[in-house]
Amino acid sequence: MNKVLLLNFNGTIVDTKDLAINIYNKIADKQGYKTVSKDQVAEFRSLSIRERCKLLDVPIYKMPLVGISIKRQYQKYIPDLGPIPSIKEVLNNLKQKGYKLAFTTSNKQSETSQFLINNSLDIFTYEHYSFNPFTKSRDIASFLKKNNLLKENVIYIGDELRDIEAAKKNGLFCIAVSWGYDSKELLQKGNADYVVDQPEDIIEILSRA
């Protein structure tokens, strides 16, 4: 069968980084955590989740709840966001080459679907929705099982270290992208098969894979 490209949605297809930080800062003001300034964003992209929690005085056990709260609050903005520059053209190119496109996300299905329609990106064969943004490995395993896909036929593309670790745990060939939530330096710790800096690099890698 044709290979399936499974993309993490937020950070890889659409840039929600600034939106997530703004909403986190509102939560932090209410809960008494430290906020993230614009000058700190680059530093934070190179830190692990545990290191970020320590710097912000957020108890690590509360991070899943904070993450879910952030996701819940920014759903209404998703339809009006734009895709990562040139990712639309790259995905259309890969679909024309015969790849099947898929994504996994903890966004709401209605808002995600509207984003895809608004940006003429409703080109995906598979969609996988989950509630918790911290269940990456389980989500990938569920996606494979639900769609009866073999791991050797799926290539994962994600922007966070935990994406890469989850993909590797499930035995997937993995491409990490440096334009999302985590820095290139942090992503390289996940032992991805490739780390790329721009969407066009994905086409070049797949042409050699």
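**Figure 1. Salt bridge between Asp182 and Arg52.** Asp182 and Arg52 form a salt bridge in which the closest N and O atoms are 2.6 Å apart; a salt bridge is a side-chain nitrogen of Lys or Arg within 4 Å of a carboxyl oxygen of Asp or Glu. The two partners are 130 residues apart and link distant parts of the chain: Asp182 is in the loop between strand E5 (173-177) and helix H9 (184-187), Arg52 in helix H3 (residues 49-56). Helices (H or I, at least four residues) and strands (E, at least two) are DSSP runs, numbered from the N terminus. Both Asp182 and Arg52 are buried; buried means under 20% relative accessible area, exposed over 50%, and partly exposed in between (1.4 Å probe, protein chains only). The model is predicted: local features need pLDDT of at least 70, side-chain atom pairs count only at pLDDT 80 or more, and totals for chains, interfaces and linings use all residues. Residues are numbered from 1 along each chain as its sequence is written, and side-chain values use heavy atoms, with hydrogens and water left out.

**Figure 2. Salt bridge between Lys136 and Asp163.** The side chains of this pair meet at 2.8 Å, N to O. Lys136 belongs to helix H7 (residues 136-146) and Asp163 to helix H8 (residues 161-169), 27 residues apart. Lys136 is buried, with a relative accessible area of 14%; Asp163 is buried too, at 0%.

**Figure 3. Salt bridge between Lys168 and Asp193.** The N to O distance between these side chains is 2.7 Å. Because Lys168 lies in helix H8 and Asp193 in the loop between H9 and strand E6 (194-196), the pair ties together parts that are 25 residues apart in sequence. Lys168 is partly exposed, with a relative accessible area of 32%, and Asp193 is also partly exposed, at 34%. The structure holds seven salt bridges.

**Figure 4. Surroundings of Asn10.** Asn10 is located in the loop between strand E1 (4-8) and helix H1 (17-31). Its relative accessible area is 5%, so Asn10 is buried. Leaving aside neighbours within four places in sequence, the residues in contact with Asn10 are Thr16, Lys71, Tyr74, Ile78, Thr105, Asn107, Asp159 and Tyr181; contact means heavy atoms within 4.5 Å.

**Context for the close-ups.** The chain has 10 helices and six strands. Buried residues make up 54% of its 209 residues. Of the contacts with a separation of 6 or more, 64% are between residues 24 or more positions apart. Along its principal axes the C-alpha trace spans about 50 × 35 × 30 Å.
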